[in-house]
Amino acid sequence: MTGLQKLLNTAAALCGFYALVTGIGALSPALLLAAGLVIAGGLRLSPVLAGAWPGAWSILMRSQFDLLISLVAAGAVLAALQDGMAGAVWALAIAAWLHGWLAVEKTIADDAHSKGFNWVVSLGVPLFFGFWLLFFWEALTIGLGIPTVLLPPPSMIGARLVSSTAILMADFRQTFLKAVLAGYAIGCGSAVLVAILVDRNDFLRRGLLPIGNFISALPIIGVAPIMVMWFGFDWQSKAAVIVIMTFFPMMVNTLSGLSAASVMERDLLNTYAAGYWQSLFKLRLPAAMPFIFNALKINSTLALIGAIVAEFFGTPIVGIGFRISTEVGRMNLDMVWAEIAVAALAGSASYGALSLLERRVTFWHPSYRTK
Amino acid sequence: MTKSSSSNTVIKAEKLNLDFDTNDGIVHALRDLDLEIEAGEFVSFIGPSGCGKTTFLRVIADLETPTAGSIAVNGQAPEQARLARAYGYVFQAPALLSWRTIARNISLPLEIMGLSRAEQQERVERTINLVGLDGFGKKFPWQLSGGMQQRASIARALAFDADLLLMDEPFGALDEIVRDHLNEQLLQLWKKTGKTICFVTHSIPEAVYLSTKIVVMSPRPGRITDVITSDLPDDRPLDIRETPKFLEIAQRVREGLREGHADE
């Protein structure tokens, strides 16, 4: 065990003792079991146990045992959650988290792992971390009696996600599948094409760059109502806002990407008497890919924000932004949070998908190379 | 390598001048260069930095335009020669595209020239074999050592079978041992293919070892101070560098370089 692991284990054991001492008469059987397990986990530290029953001791030392303690305690705490609950329950919540952390530390420290296992760890650890975030969110909002208007517990948001799936799905379709995807594709695609034109022609470079810069500086809350006037209430006006927001970052990045190929590489293509298009497709665009992906990732989050904000300025009665603005007015904060969760999931998923695609396309870039 | 000089002139420069207009005023990169290179010769250009040897190579390749004088490559203007793909150019760095495998890097000029797939593959295999990189075709450039990368770039210059090979300090960044090895291989390659090679270098032993003709240049303004025809035998093992004949030529090159410096 490393120093950190010992520290985590000791702190958890102290929480367990505190819970047992203060709550021996009041705790539910599940909580008592959890406290017992936590204390058993603490006893592992004693050299006496290691000497007396080495077999049992080595089983208790495994990370799986920590995971078991952690999940049992977390479950018992969740079942006992209520406003103004006892200090013993808080102590067990902390002990559960400490053992969860310990389990992860131990798993990562074992380095003789197969590739598949590493993959599970790299995906599992962030999920596990997310679980504890939700756990404490739930515990604190309920345990401290925080009004749901200020911050609803995740269980309430989850219940809303399940009960209002149809509405959420319709909003997602309207905002993400229609406005965001269309605006993003048009904005990024046209920006790459214009960047190629601008790169080729000095007149356009001098003329279009300042205009692009100017447009990107326009405030979205000013542009959105105008786009509604031009393109109507439906998703087209939101797509137009997104086009305006995503165009400039993509154009600027593509432009610098197009000059990323070295002078020597250009000279090389010159010695082959390569034409403009040949050197564009065989050298300059591939060399620009890291820059283009950079802009694609920046734009994926910009586009979602743009669509949601634009829906505040006139929309048919569907869409993530529309729902947020109306449900805030009706104090249905759980619905607002459910929409936020949908938007966050969609944003993260598209960012993740872009990152994976980037790895595949720019595998040759020094930051991704594998020997 | 004795060839009749009548119709076999590959490069002919007369009163060639090139000035660069820089912020610090005009720099005379090349001043009144006269030179003839015959087919099948191995010509080294040697001189200190700034003597215009690379610039001259770039003029031949139509990567720089001379300010005055005339130059002909295969009897044509350099631009026509470039458009006719008359030469292969090997740069100081390998300049391999990192998103292409070695084989696809070598086939890059062939793709640009519009050769058929089958033809491309056949030539890639042949040149990979010629530079001794068999089995590395599917690797990416960054997976190979510097010496192997430079060999791949030579293979790429050979792939389209131009009769003229322009090499700009191709082994400058490599260590001595790899360099010796590649020099030996380059010499064999030259004998096997009979190409005309123009080779820029900093190193006197490298120039003497490789060349049939050594062009000594001096800086500011860049000009030719001596042209030495080497009478070393065609068959040159590495230890020829210890023979009196070799040292005599090396001594003459050194004197030529010193003379260039004395005028400064």
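Reader: Which residues form the nonpolar patch on the surface of chain A?
Author: In this predicted model, the patch is made of Leu4(A), Leu7(A), Ile94(A), Trp97(A) and Trp101(A). Together they have about 450 Å² of accessible area.

Reader: And which helices each supply at least two residues of that patch?
Author: Those are α1 (3-23) and α6 (87-109) of chain A.

Reader: Ok, which one gives the most?
Author: α6(A) does, with three residues. Trp101(A), for instance, is found in helix α6 of chain A.

Reader: Switching to charges. How many salt bridges are there over all chains?
Author: The count comes to 25. One of them joins the side chains of Arg44(A) and Asp66(A), at 2.9 Å from N to O.

Reader: Where do Arg44(A) and Asp66(A) sit?
Author: Arg44(A) is in the loop between α2 (29-43) and α3 (47-52) of chain A, while Asp66(A) belongs to helix α5 (residues 63-80) of chain A, so the pair ties together parts that are 22 residues apart in sequence.

Reader: Nice. How is chain A divided into domains?
Author: There are two pieces: domain 1 covers 3-146 and domain 2 covers 161-361.

Reader: How far apart are the C-alpha centres of those domains?
Author: They lie 44 Å apart in chain A.

Reader: Now helix packing. At what angle do α9 and α12 of chain A pack?
Author: About 35°, and their axes are 6 Å apart. Helix α9 of chain A runs over residues 165-200, and helix α12 of chain A over residues 235-258.

Reader: Left-handed or right-handed crossing?
Author: α9(A) passes α12(A) in a right-handed crossing.

Reader: Which loop holds Asp161(B)?
Author: The one between α6 (146-159) and β6 (164-168) of chain B.

How values were computed
Residues numbered from 1 in each chain as written. Chains lettered and ligands numbered in written order. Predicted model: local features only at pLDDT ≥ 70, side-chain atom pairs only at ≥ 80, totals over all residues. Heavy atoms only, no water. Axes fitted to C-alpha atoms, helices over the stretch in contact; angles between N-to-C directions. Helix = DSSP H or I, 4+ residues; strand = E, 2+ residues; numbered from the N terminus. Left-handed = near helix turned anticlockwise from the far one by under 90°. Domains from an automatic or database assignment. Patch = residues over 30% accessible without salt bridge, like charges linked within 9 Å, V, L, I, M, F, W, Y side chains within 5 Å. Areas by Shrake-Rupley, 256 points an atom, 1.4 Å probe, with all protein chains shown as cover. Salt bridge = Lys/Arg side-chain N within 4 Å of Asp/Glu carboxyl O.
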